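User: Please take me through the contact between the two chains of this model, one question at a time.

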2 protein chains.
Amino acid sequence: MSKRVEIVDVSPRDGLQNECKVLPPETRLELIRLLEQAGVRSIEVGSFVHPKFVPTMANLADICRHLDFSGTQQHYTALVPNLKGFELAVTAGLNHVRLVIVASETLNGKNFKCSVEDSLKGFEQVAGISKEAGVAFGVIIGASFGCPYEGHVPPAQVIRIASRLVELGADEVMLADTTGMAMPDQVETLCGEVRDVLVKMRPGLRVGVHLHNTRNTGYANAYAAYRAGIRLFDASLGGIGGCPFSPNALGNIATEDLVHMFNGMGVETGIDLAGLLKASKWLEQQLGKPMPAMIGKAEPVYPTLTT
Amino acid sequence: MSKRVEIVDVSPRDGLQNECKVLPPETRLELIRLLEQAGVRSIEVGSFVHPKFVPTMANLADICRHLDFSGTQQHYTALVPNLKGFELAVTAGLNHVRLVIVASETLNGKNFKCSVEDSLKGFEQVAGISKEAGVAFGVIIGASFGCPYEGHVPPAQVIRIASRLVELGADEVMLADTTGMAMPDQVETLCGEVRDVLVKMRPGLRVGVHLHNTRNTGYANAYAAYRAGIRLFDASLGGIGGCPFSPNALGNIATEDLVHMFNGMGVETGIDLAGLLKASKWLEQQLGKPMPAMIGKAEPVYPTLTT
């Protein structure tokens, strides 16, 4: 197995999305630039949602005007919650987008006002347009490890949804634990199972995890996923991305803490930790509040990759 | 392998030891009682050190007067840094104590003004007195996973020290990562190796880990140790126990977050999470500052053991 991982920094999207403070497009572009300077090659730049509902994501197209989507060095993606968002993303020049489905019926219903089956049918339509527009798409499967309403989510349900997505042409499947309910043994088992099934269907498919550290298991879950062969991880600079309604509940796992852990494990990320820490400090100043990430507070033990 | 673990709450010792606020003996006794009420069966009650150097640990003997060391339900231990401390512990009625050695020469020298070999020789003397006094002893091996001065600590050195300790009659060996440098893959490998060697020497020996979450790998390391067959974990209520000189550096892994993780993994701790959270809230009030533990801020997903 490869000892190299890809980290997608989602701070411009999942990180900033729920922040009380709205950062203007030029500041969000600067965040993207600082991430790039630190060697982050994959960035989720925002979400194409209506600014009335999510003001923190407003004017994403203005940011996209400054990004080179034709380059091979940087991989940009953006969240599109619906067909309208998909169209906006294509117009803005994106050649990769991310859709969302939720593995539990209750939460999918609350988020999208439809059943999981109907969401999947909707994706058939997206898949068609996507092919025509030359835009690849990944899918985030929310509540893959548990649902705040239903509790346990059967692994078979996650595997069934993931397989359907691959059949529809998704190039990336992210198992997400947005509410921070996942436990490491569960992550290790489910990631192993999903990966086995999907990679047999399409070798080279991007299979990753999107983890939150709400209950202090985020990094244990990342280690468990790595053990299960996962080599694609979402993370957010500074660990931002918590829920605004529970101010103490931490957000995404922090890019810098994840890079530090991988450095210490001899796993290559291609990312420069010093650059990330500089970016994180800058972001902290922009948001005017302390970050959940810890490696900037303690001294890094593994500033660079151990070999 | 058993799916039951033993958690030793070290908040009355490692937790409070470095706090700026000195809690009087009656408050520390109340902490011990609240832990007992939550079903914590193993508690490190304090350290027999000179109050001039560590005022937070003063009057430990006053606490011990209220503890029943002859009972079989509760396991109490206390840290003894030297022979004088050992004598004080025996006088106070303890029938189990914990000694400390550091796996790196530099840090052992700084802490104890002697070489690792001399520390081990000193333990021979303790072992003799210990047997005579009918007091069992465990040993914490500091810097087992890395040293702030030397960096890498050879696993062979840790195994050599641990083996010598078992030969000397230690009933418990704790691999400690006080400075939070350990990485989960390293923990999994070293714990597996140490456990294999020691359990062959003496079946039933208590082999455990003492982990800190300084760099956000504490719970990943706990999961890794569990995977390697470790069933004995130090943890501190609220996650207190950070270094007073780096206020942002977090302390021990939190007992409540560890119990929650084990609950979710179907691993029995015998501890009541609701009781722990009550105790943690009380401790937060006593110390007058927020705790690093997270499960009291987010809602527990696994309030009880999953089966």
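User: Across the interface of chain B and chain A, how many salt bridges does the rule find?

Analyst: This is a predicted model, in which local features need pLDDT of at least 70 and side-chain atom pairs count only at pLDDT 80 or more, while totals for chains, interfaces and linings use all residues. Residues are numbered from 1 along each chain as its sequence is written, chains are lettered from A and ligands numbered from 1 in the order in which they are written, and side-chain values use heavy atoms, with hydrogens and water left out. A salt bridge is a side-chain nitrogen of Lys or Arg within 4 Å of a carboxyl oxygen of Asp or Glu. Across the interface of chain B and chain A, the number found by this rule is 2.

User: Which residue of chain B forms a salt bridge with Glu188(A)?

Analyst: In the salt bridge formed by Glu188(A), the closest N and O atoms are 3.0 Å apart. The partner on chain B is Arg227(B).

User: Which helix of chain B gives the most to the side that touches chain A?

Analyst: Helices (H or I, at least four residues) are DSSP runs numbered from the N terminus. On the side of chain B that touches chain A, α8 (184–201), α9 (218–227) and α10 (255–264) each supply at least two residues. The one that gives the most, with 5 residues, is α9(B).

User: How much area do chain B and chain A bury between them?

Analyst: Buried area is the accessible area (1.4 Å probe) that two parts lose on being put together, summed over both. The contact, meaning heavy atoms within 4.5 Å, takes 31 residues from chain B and 31 residues from chain A. Of the area buried between the chains, 65% is on carbon and sulfur atoms, and the total is about 2,800 Å².

User: Is Tyr226(A) buried or exposed?

Analyst: Tyr226(A) lies in helix α9 (residues 218–227) of chain A, and its contacts beyond four places in sequence include Phe233(A), Phe262(A) and Met265(A). Buried means under 20% relative accessible area, exposed over 50%, and partly exposed in between (1.4 Å probe, protein chains only). Because its relative accessible area is 10%, Tyr226(A) is buried.
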